[in-house]
Amino acid sequence: MLKGIFFIPYFFLLSTSILIAQPKKWAANWYFGYNAGISFIDGTPKPLSGGVINTWEGCASISDNNGNLLFYTDGSTIRNKKHLVMPGAVDLGGHNSTTQSATIVPLPEEDHIYYVFSIDFSGGKKVLQYSIVDIQLNGGLGGLVSKNNILLTNSSEGLTVIKHCNSKDYWILANELGTNSFKAFKLSKEGLNHKFIESKIGTRKGNAGHLKTSPNGQKIAIALFNNAFELFDFNQNTGVLSNPILIRHPEFYRTYGLEFSADNHYLYMAGTLRDEKQIYQFDITSGSSAAILQSKITIGKITDSYFGALQLGPDNKIYVAINEHNYLAVINNPTLKGMECGFVRDGVSLGGKKSGIGLPNFISASFNVQPRVFISRSVGNTCKDITLKAEIAPNVGNWHYQWYLNGKPINKATQNSITPAQSGSYQVIVNEISGCHNDTLNSEEMDVEFLNANPEFTIANCNNVLLKANANAPFQWIGNKIPKEQESQDTLSVAGDGVQIYRLKMFYSDNTSCFAPKELSVTFPPIQTYKLEKKSLVSCDTVTLNAPISPNWDTYRWKLPNNSTVSANKVTVRQSGQYIVFVENKQTKCVANDTVNVVIHQSPSLKNNESFCMSASTLELQAGANGESLMYDWAPNSSKNASLVVDKAGSYHVKVTTPQGCSSSRTIDVVEMQKVTLGSNITLCEGDPVELSPSITNAPNPVSYRWSSGENVRTIIPTKSGTYTLTTRQSVCETVDSIKVIIHPLPQIKANETVCLDKEIDAGGLDKDLTYHWQHSAETTPVITISALGVYNVKITNSLGCTATRTINVNAYCPPHVYAPDAFTPNGDGINDVFSLFVASGQPVCLDIYNRWGQLIKRNENESPVWDGQIDGTLSPEGTYPYVFRYKIRNDNLIHEYRGVVILQR
């Protein structure tokens, strides 16, 4: 139920009345022209590919209730959804030059049987015949049940189908060629009745041109293919045509394409076969032939081709064929008058395919829906001049109206509009009269209430009142201190004083020029105030603002110059400017405020506290302030200057004051310079103990240490030659001293070792220019001879004076070992001239030489036996000589033998 005084806008009702959506999608796919096609399956027409139709004029397509293609035809051949010829569906009697060569009609109350009507062209056999298709045959691809069933032997090229009054059956309407005879054949669930209903009416028909039915089935239009077309009324119950209206004009040429707008209000007509033709719009509700002709408006032209068929689409737009063109023209808003209908020449692309002058022929009633009734509301020049009007969409019949107020019929309110005399809930009920269906339509209720208001106010808080409109319509508050965004609020709070007049302006939302005023006189309570103790404050750097506490107020909020806020009664600020304190009483909602102006002078900006080192006899200290006309005060040394010269360590203070009396202070500490020394340079040998430790004076405070070798301690032990630097720091004083340390290397010697008793032992020095001192014998040679077991220590000194001691432990007798050459050359060259043997840890006894036959040829008995290669002064020949070497060892008196062979070579 529609409540309130607001209404459905009239323009919305007009657009709603023409939204005639098809309940089924039989017309979702169109195939026509030269392999062209478009699909409405998604609501917007898009090019179709795959179609193999090739016809200049008439054709027909049919889809199932969901928009899936079933089959299509040019009147002569039927092709299934796979674009293949349906078995046997050829030579059906149609022709590619017949205006409406084919029409497809489903058998009522069946979902798989279809009648396919075909007409030969007027220069051919002129026969209207039909075939029957069962779509369930051939695996759902469809097949013929029968074909070439003759219905009319002298038919013109026009053919249309109208829904019967019972909403189930169909009328198949054709007209005889060259006569004024119309024949209506009824198709019901029992099949096609060949007994026709004849209407001999109107003008003799031409050989071409469209025969069309209005969407509501009540009007028939036929193009006469000359300079005229004709209109008739059609009785959907009896199949009879009546009331002929002939529309003729000399500029019409070859009247051909016809189509009704979806609301049955306008008829569109186009001629063909000649360039520079036009499309006309006619208001067929005008009445007479002259009035309809007077309503003629040209809405589209074409100069490079000519128009053909006009066909209403599932989207209620009208599509126009253009001969040999890659686009269909479109009338986008056929229910609007004149150029507002929106004709577009290149409206829908055919994806590169071309149109002829024909478009698919559909059942006009397939686009119908059940009418509905709406109430629109308009307001006239005065606020009480209200009109309610019943709008029927689609308006396809003759109606009787009865208006109701609060559920009761209003006496004599039987027109399509009324003027309410009182507030209440209005409804209209309409009944179709003299129509097929005798429909009864009930509108929703619409509440009508005349402008009225009873404004009032109540004391809300402190100096605020609460306004309440109590209005039954949109309104606007007008008065002091009402924000624009609150002008339409029913309840709002305003502040004021004394007596104020507020006005309420009420109006209808669809007619703001009509309004009713109301006045409201408001008396405000006295205003409470709040005062700060001071209106201005001057301070240095900061100031604390203090809002006095009062029992009349329980919240305090300061607004700062930067527009930020602080909720407190005290706030410390650092910026000059205006400060506002807001106070509020939460219980009474009273608010007040007061202002204080603050001037803040800045204290002088000084450097931070500093420390300096007393590195000279005097030091000049600077106050470290920037600014003009500053005053200085030093302590403990008194001075009024910006600087102070001191001659001793200590803590000095300076106070700097601006001309406005703002001051800042800083402290400068002067630190006594410490004295640090590391002493004289040091020379030592590797391994000698040494420690570097500074001597520090004038250092009463802790001192930090930093050695160049990386240590941070007072004392270090150097491990290598180099210059060692110590940096000491006391506060800001830093002192540096260095010492050179030379560490000579020790002599390189062999490691201590343990040996067996031999004739000699070596001290083991590895460097040059070494001196030796054997501690047991005071010998100074690197090699000494020994004869007894024991420990032998030798002190070895290098040229730098650094000494190392080596220990050799002789703890056993060595086993004997004979050293003997394999050959000798006694040729007198001084090299290897004799054969001699040496025995380590032993004493030679004798050496016996034998020839190769084992005969002793030479014996030598002494401590160093040798053989010079002679026997009794005679040179021995070259060759191999066996020998026996006998010796004794030191720890016994036994004779030991060593046997071998020596080669004598010259």
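**Cores and cysteines**

Author: The largest nonpolar core has 41 residues, and Leu 467 and Trp 477 are those with the most contacts inside it. This is a predicted model. Leaving aside neighbours within four places in sequence, Leu 467 is in contact with Trp 477 itself, and its other partners include Phe 457, Ile 482, Leu 492, Val 494, Tyr 502, Leu 520 and Val 522. The contacts of Leu 467 also include Glu 456, Asp 490 and Thr 491. In soluble globular proteins, nonpolar side chains tend to be buried together.

Now the cysteines. A disulfide is a covalent bond between the sulfur atoms of two cysteines. With a cut-off of 2.5 Å between the sulfur atoms, the count comes to three disulfides.

One of them joins Cys 540 to Cys 662, with an S to S distance of 1.8 Å. The torsion about this S-S bond is about -85°, so the disulfide of Cys 540 and Cys 662 is left-handed. The pair links distant parts of the chain, 122 residues apart: Cys 540 is in strand E42 (residues 536-540), while Cys 662 is in the loop between strand E53 (650-657) and strand E54 (663-672). Buried here means under 20% relative accessible area. Cys 662 counts as buried because its relative accessibility is 1%, whereas Cys 540, at 30%, is partly exposed.

Another disulfide is formed by Cys 613 and Cys 733, whose sulfur atoms are 1.9 Å apart. Its torsion about the S-S bond is about 115°, so the disulfide of Cys 613 and Cys 733 is right-handed. Cys 613 belongs to strand E49 (residues 610-614) and Cys 733 to strand E60 (residues 733-744), so this pair ties together parts that are 120 residues apart in sequence. Cys 613 is buried at 13% relative accessibility, and Cys 733 is buried at 0%.

The remaining pair is Cys 685 with Cys 802, S to S 1.9 Å. Here the torsion is about -85°, so the disulfide of Cys 685 and Cys 802 is left-handed. Cys 685 sits in strand E56 (residues 682-685), and Cys 802 in the loop between strand E65 (790-797) and strand E66 (803-813); the two are 117 residues apart, and the pair links distant parts of the chain. Cys 685 has a relative accessible area of 13% and is buried; Cys 802 is buried as well, with 0%.

Cys 341 is buried, with a relative accessible area of 1%, and Cys 846 counts as buried at 4% relative accessibility.

Asn 332 lies in the loop between strand E26 (327-331) and strand E27 (343-349). With a relative accessible area of 25%, Asn 332 is partly exposed. Its side chain is joined to that of Lys 317 by a polar contact of 3.3 Å. Ala 291, by comparison, is 41 residues from Asn 332 in sequence and 25 Å away in space, C-alpha to C-alpha.

Methods
Residues numbered from 1 in each chain as written. Predicted model: local features only at pLDDT ≥ 70, side-chain atom pairs only at ≥ 80, totals over all residues. Heavy atoms only, no water. Helix = DSSP H or I, 4+ residues; strand = E, 2+ residues; numbered from the N terminus. Buried < 20%, exposed > 50% of the residue type's maximum accessible area, 1.4 Å probe, protein only. Polar contact = N/O pair within 3.5 Å; in protein donor to acceptor, adjacent residues only side chain to side chain. Core = buried A, V, L, I, M, F, W, Y, C linked by side-chain atoms within 4.5 Å. Contact = heavy atoms within 4.5 Å.
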